[in-house]
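Keep the viewer open as you read.

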Number of protein chains: 2
Amino acid sequence: MKSVNVNRNIIDLEYAVRGPIPQRAAKLKQQGKKIIPCNIGNPQALGQKPITFYREVLSLLENPNIINREKYLSQNPISKFENISNHAINVSEKLLANMETGLGAYTDSKGQYFIRESVAKFIDKRDNIDLSKSNLQSNPNNIFLTDGASEGAKGVLELLITDKNDGIMIPIPQYPLYSATLKRCGGTQVNYYPDEDNDWALNKEILDVSFKEGKANKIKVKAIVVINPGNPTGAILDKSSIMQVIEFAEENNLAIIADEVYQENLYGGEFISFAKAIGDKNIPLFSLHSVSKGYYGECGQRGGYLELRNPPSVSNSVLSFTELLFKVSSVNLCSNTIGQALVYLMVSPPQKGTDAFEVFTKEKETILDDLLAKATIIRKSFEEMDGMECFGKIGALYLFPRMNILPPNTTDYDYCMSLLEETGLCVVNGSGFGQKPNTHHLRIAFLPSKESLQGILSLWIDFHNKYVNQ
Amino acid sequence: MKSVNVNRNIIDLEYAVRGPIPQRAAKLKQQGKKIIPCNIGNPQALGQKPITFYREVLSLLENPNIINREKYLSQNPISKFENISNHAINVSEKLLANMETGLGAYTDSKGQYFIRESVAKFIDKRDNIDLSKSNLQSNPNNIFLTDGASEGAKGVLELLITDKNDGIMIPIPQYPLYSATLKRCGGTQVNYYPDEDNDWALNKEILDVSFKEGKANKIKVKAIVVINPGNPTGAILDKSSIMQVIEFAEENNLAIIADEVYQENLYGGEFISFAKAIGDKNIPLFSLHSVSKGYYGECGQRGGYLELRNPPSVSNSVLSFTELLFKVSSVNLCSNTIGQALVYLMVSPPQKGTDAFEVFTKEKETILDDLLAKATIIRKSFEEMDGMECFGKIGALYLFPRMNILPPNTTDYDYCMSLLEETGLCVVNGSGFGQKPNTHHLRIAFLPSKESLQGILSLWIDFHNKYVNQ
């Protein structure tokens, strides 16, 4: 075979989080340079410890033979070695009993039913749902367990897009999963611009402008993506922003795709889920969550879920939207079972009275406190960088400061590449996420240890002030 | 949102392995009927035990805290409880040292480099490659670790297909992943028909007929899919078949997609990999393997790999084929780390001299012997079913008998549905995989225990002879 023409959509798609700057960082690392990888929200790669209770359970699930021995040991403690908690043993036994066949068998393509039930209960509890009103309850049959959240988003977009005139509204800046997947599916991206100077808030005017622009270009907008807390901005949407998105979606007959994977990463502000905010309005909602973020940060184990609420009726098939999504997921057979088990653990934290509670709570609080402390240190250092401004309450795992000063004929890409070369700090340029024309940003994940931050931040401040004033 | 038009390709795709018959089986099961699920190659769902050594390692990887304790215990054995093997502890320590950040971090989007290196070594050893000829060696940079094999196949097809005039040659019958994915990507399926009565062998004539038919329909065929050992047929391709595929691909400038996930499931016959058979011919080869089959059967843990050999040059992009595939996989971030670890274990079995060797070897042999015994019992029972004929050496996890007699105006779908309703045995109709016009088949996975087979086979024989002679 001499050469081949390949799919244009794949050639065109871009994914900066693992794009040229991180690839250059990987090269430099090979050459022996010390790299601090803040290009991606990958907490355990930067030393965050996994939650002990989760790992105890997963370990027992992989090798149920040791459960009995653990029981024995818990009755005969060997003082030199800490024991696995009884709660971990109990939860493992419960999981194994419900999974019937353990981790090694394909599950239902939507994932284990009892795990989907536990997800539904978690959602209702989180949203304080009045359980006497059954129409507001989450339905396990409309929940799909997925390999991370990305897979759920892809499934929905692939189903919604029929051709290049179908559009999806995407916030700018955005997590490039959305632009890349939309490109891959052959649809059109319709940008909207949260109000940066107003803590990245949203209002109907902003959304209307974007929708009308789409319409003028003959684009049929089918859904709006909202990322809350924001990625890359880290901003937390207030109630007014959320209610205006809902009103806008209702008026314009749109579905809402709510990326809520950072719902536990709030350091101030309040998380309001779209499921809660929609209430009994009949607006199709696809909401995403993941085990990769929060205080758990189990990125590598690829667990997540997609919840459909008010799935739209389908005009060109006898199958329902949920049935069609099921068909797509059945070709993949199922998501990985460890990821499924982690979703269960994420939605079923140890309760007071169990022997796992104390350690779990301490680990959780330490991680979240630590993240806030690190975000605060970094944000404070921006004050010493000329023209660096950062908006929004602190959420997610990122800061997304605006660079109001850059030397003539340079971009934030140039800046980030130089920063990497000079200091080893790997961040992503704002243009990798999209940004308002003539603005410049960068995204930094606030994950390195406090110790390593001290060193790198003073280097960065020096670099910055030299660079922008050159 | 009132209703929405959705992607036609998704509406049209079909996946019988989890289609109407298995869905009916799930309903019956809910109603309390005993179902024997032979619709899918899911060994652990039917009681096959996981390989102890694998699970010991995975368990230690999830909770490294217990490694030290295990060491302690191995020096202080508690007679009532068997210990984890020292080899499992050593391998776990090695894996953790190489993974740097354990299971909880995203890895390189292609998967951990050292695991890809071990895959490359496995391939070279399997194929008896002369390591002095470096051009024949497998290259870790062209290996992608994936969530099961399906993901790799999808990535390649999605990249190869540019529009509906692009075609892929697919064996009929085939594993419906290929037809479904091709439909999803908007390409065209070009059927070819292995010679059933001749043990499903292939020859150039068969392939030429299909290629010319494609050409007559203005289809540009880009690649040929070969599944060896076969799914659904279970047949093993002989050397002549394989060499003729290679000659054909070379003549017609095609890539080969070799689905070799059943390479350890041979009960007679010999496995010849396409990588080995191609030798130094410059034919693009995409070969797939998985932890779901073989004697391991770890379906739920979703591990696999895709190897590219002689990747084609790309005429419409400056990026190479491998770089484009990398871009697609980077949007998914990475495959799950437990699946990656399992791929490592699959390609690095315990060697003689380690304390895991004996148990591992015994478990492996028991499982493979058992599979053969069960296949033989089922195949023997076909002799008692009127008009039932089964061809090919026994391979993979399936038998795919032809039903030469069916009542007028009935199909193999009707037959399989009735079989399910009357006996609880869930198999898949041949039409779910495609078959030569006017032939009828079914696929049965030979996985139920010997005990449960005894009962169900006599029921099936009775059902069959009554049904076909009605």
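Which residues have the most contacts inside the largest nonpolar core? The model is a predicted one, and in it that core has 290 residues, with A:V225, A:I256, A:V343, B:V225, B:I256 and B:V343 having the most contacts inside it. As general background, nonpolar side chains tend to be buried together in soluble globular proteins. To see what surrounds one of these residues, centre your view on B:V225. Setting aside residues up to four places away in sequence, B:V225 touches a run of B:I168, B:M169, B:I170 and B:P171, and also B:Y178, B:I257 and B:D259.

Now switch to chain A and look for A:Y262, which sits in the loop between β7 (255-259) and α11 (274-278) of chain A. Is A:Y262 buried or exposed? A residue counts as buried when 20 or more other C-beta atoms lie within 10 Å of its own; A:Y262 has 25 and is therefore buried. Apart from its neighbours within four places in sequence, A:Y262 is in contact with A:P229, A:N231, A:K293, A:G395 and A:A396.

Next, take chain A as a whole. Where they touch, domain 1 of chain A contributes 37 residues and domain 2 of chain A contributes 33 residues. On the domain 1 side of this contact, the elements giving two or more residues are α1 (8-12), α14 (357-382) and β12 (398-399) of chain A. Of these, α14(A) gives the most, with six residues. Sorted by class, that side of domain 1 of chain A has 19 nonpolar, 11 polar and seven charged residues.

Two bridges join β12(B) to strand β16 (residues 442-445) of chain B, and B:L399 has B:I444 as its bridge partner in β16(B). In general, strands of a sheet pair through backbone hydrogen bonds, either parallel or antiparallel.

Strand pairing also crosses from one chain to the other. Strand β10 (residues 313-314) of chain A and strand β1 (residues 3-4) of chain B run parallel and are joined by two bridges. In this pairing, A:V314 stands opposite B:V4 in β1(B).

Finally, step back to see both chains. How many residues does each chain bring to the contact? Chain B brings 78 residues and chain A brings 78 residues. On the side of chain B that touches chain A, 36 residues are nonpolar, 29 polar and 13 charged.

What rotation superposes chain B on chain A? A rotation of 180° does so, with 0.0 Å of shift along its axis and an RMSD of 0.0 Å, which means that the chains have the relation of a two-fold axis. In chain B, the C-alpha nearest the axis belongs to B:S59, at 2.1 Å from it. The same surface serves both copies, as 100% of the contact residues of chain B recur in chain A.

Methods:
Residues are numbered from 1 along each chain as its sequence is written. Chains are lettered from A and ligands numbered from 1 in the order in which they are written. This is a predicted model: local features need pLDDT of at least 70, side-chain atom pairs count only at pLDDT 80 or more; totals for chains, interfaces and linings use all residues. Two residues are in contact if their C-beta atoms, placed from the backbone, lie within 7 Å. Ala, Val, Leu, Ile, Met, Phe, Trp, Tyr, Cys and Pro count as nonpolar, Asp, Glu, Lys and Arg as charged, and the others, Gly among them, as polar. Two strands pair if DSSP finds at least two bridges between them. Helices (H or I, at least four residues) and strands (E, at least two) are DSSP runs, numbered from the N terminus. Copies are superposed by least squares on the C-alpha atoms of residues with pLDDT of at least 70 in both. A nonpolar core is a set of buried Ala, Val, Leu, Ile, Met, Phe, Trp, Tyr and Cys residues joined through C-beta atoms within 7 Å. A residue is buried if 20 or more other C-beta atoms lie within 10 Å of its own, exposed if 12 or fewer, and partly exposed in between; C-beta atoms are placed from the backbone.
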